[in-house]
Amino acid sequence: MSRKHEHEDDEAKTLNPPKYISPRVINVDAYQSVGIRRRMRRFFRRNGRALIFAMDHGFEHGPTDFEPVWEHVNPKVIIKKVTRAGVDGVMMLPGIARVAADEVRGQRGLMVKLTSKTALRPGDGQLLQSQLAFVEDAIKLGADAIAATVYWGSPAEDVMMRQFAEVANYAHDLGFPVVQFAYPRGPYITEKYGRKEDYRVVMYGARAAAETGADMIKTYWTGSKETFSKVVDAAAGVPVLLSGGAKAENPLDFLRVVSGVIEAGGAGAVVGRNIFQRENPEPMIKALLRVIHRNEEPEEAAKAEGLL
Ligand code: FBP
């Protein structure tokens, strides 16, 4: 094909952008955006690692998640505690951000997640996260990063993938990083892989997240640092954060998982229940910070913070 024809072809692509992902032409410059870089630094320290506090549970699981320490149902109370203890960022949905985002002070990043679901929906509804708000809403709330979930392999994957692509494309154009909660989930995943935490499907989700434009990826622990390092490799340089999971009765067990993530090349963790379901979350947060930022052994970190 002659150069002229190549050029005409390119022009045709620009005039008729593919409809599938988004009607907007991807702005490649956005990926080198100063805004994205500056906002990423509000979460990640110089070592490229972060501990982010998650609190979308009141919606996603219901307020019962706060019953172990009921005063934490008040977002202002728990955010004050976690920021004082030194977390690098806080993640929440837009409604609670309206009430409590002001408490996320200083150099900490605010991550606003635009998709969710309640635990009340019947059946297959559990396999879809719906969009609650738009990129502009997150920006008005002062977000430094914008998050959305994709349940890879769900019967509703197509809806969530398009939602994410739209959010990512628009946020990138405005200089905002996007975070994908990349969770393989649904009957097909269980049938083919046995467990949604099987590293083969977790790394598939991480790669799919990178392919759809994520600047940070949050996903499940795969059970060992060897397998998690494959997830990190599959993400092709996009930072991978652990999704905390249910509260571990023994704090050391959770610190060991986070230490495995760091040893595997992961960028840190986004943690909810292992923090807010503790009467005094400070020692756990400080121990996590030791493991994530100072490469301390889990036992050493737990002892230093009085958790053992
Ligand atoms: P946890 O550390 O409590 O697991 O929080 C992380 C998180 O992704 C939350 O953001 C979200 O509400 C929850 O886990 C999702 O949990 P589930 O796996 O039950 O959908």
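Modeller: Let me begin with pairing, since two strands are said to pair if DSSP finds at least two bridges between them; please also keep in mind that this is a predicted model.

Biologist: How do you know that β9 and β10 pair, and which residue is the bridge partner of Leu 241?

Modeller: Strand β9, residues 240-243, is joined to β10 by 3 bridges, and the criterion asks for at least two, so the two strands count as a pair. The strands run parallel, and Leu 241 has Gly 268 of β10 as its bridge partner.

Biologist: What makes up the closed barrel?

Modeller: The barrel has 8 strands, in the order β1-β2-β3-β6-β7-β8-β9-β10, and their pairing is parallel. From one strand to the next, the twist averages 25 degrees. Helix α13, residues 282-294, packs on the sheet and touches β1 and β10, with its direction at about 155 degrees to that of β10.

Biologist: Why is Asn 169 called buried?

Modeller: Asn 169, which is found in helix α7, has 21 other C-beta atoms within 10 Å, and since the label requires 20 or more, Asn 169 is buried. The C-alpha atoms of Asn 169 and Thr 212 are separated by 9.3 Å, although these residues are 43 apart along the chain.

Biologist: How does the reach of helix α11 compare with the expected value?

Modeller: Helix α11 has 13 residues, 251-263, and from its first C-alpha to its last it reaches 18 Å, which is close to the 18 Å expected at 1.5 Å a residue. Its buried residues include Phe 254, Leu 255, Val 258 and Ile 262, and among the elements that cover the buried residues of α11 are β9, β10, α12 and α13. After α11 comes Gly 265, whose phi is positive, near 95 degrees.

Biologist: Which residues come nearest to the ligand, and how does the shell divide into nonpolar, polar and charged?

Modeller: Of the 14 residues around the ligand, Ala 54, Glu 60, Gly 244, Gly 272 and Arg 273 come nearest. The shell divides into 4 nonpolar, 7 polar and 3 charged residues; because Gly is counted among the polar ones, Gly 244 and Gly 272 fall in that class. At least two residues of the shell are supplied by each of α3, β10 and α12.

Definitions and conventions:
Residues numbered from 1 in each chain as written. Predicted model: local features only at pLDDT ≥ 70, side-chain atom pairs only at ≥ 80, totals over all residues. Near = placed C-beta within 6 Å. Helix = DSSP H or I, 4+ residues; strand = E, 2+ residues; numbered from the N terminus. Buried ≥ 20, exposed ≤ 12 C-beta atoms within 10 Å, placed from the backbone. Axes fitted to C-alpha atoms, helices over the stretch in contact; angles between N-to-C directions. Contact = placed C-beta atoms within 7 Å. Expected span 1.5 Å × (residues − 1).
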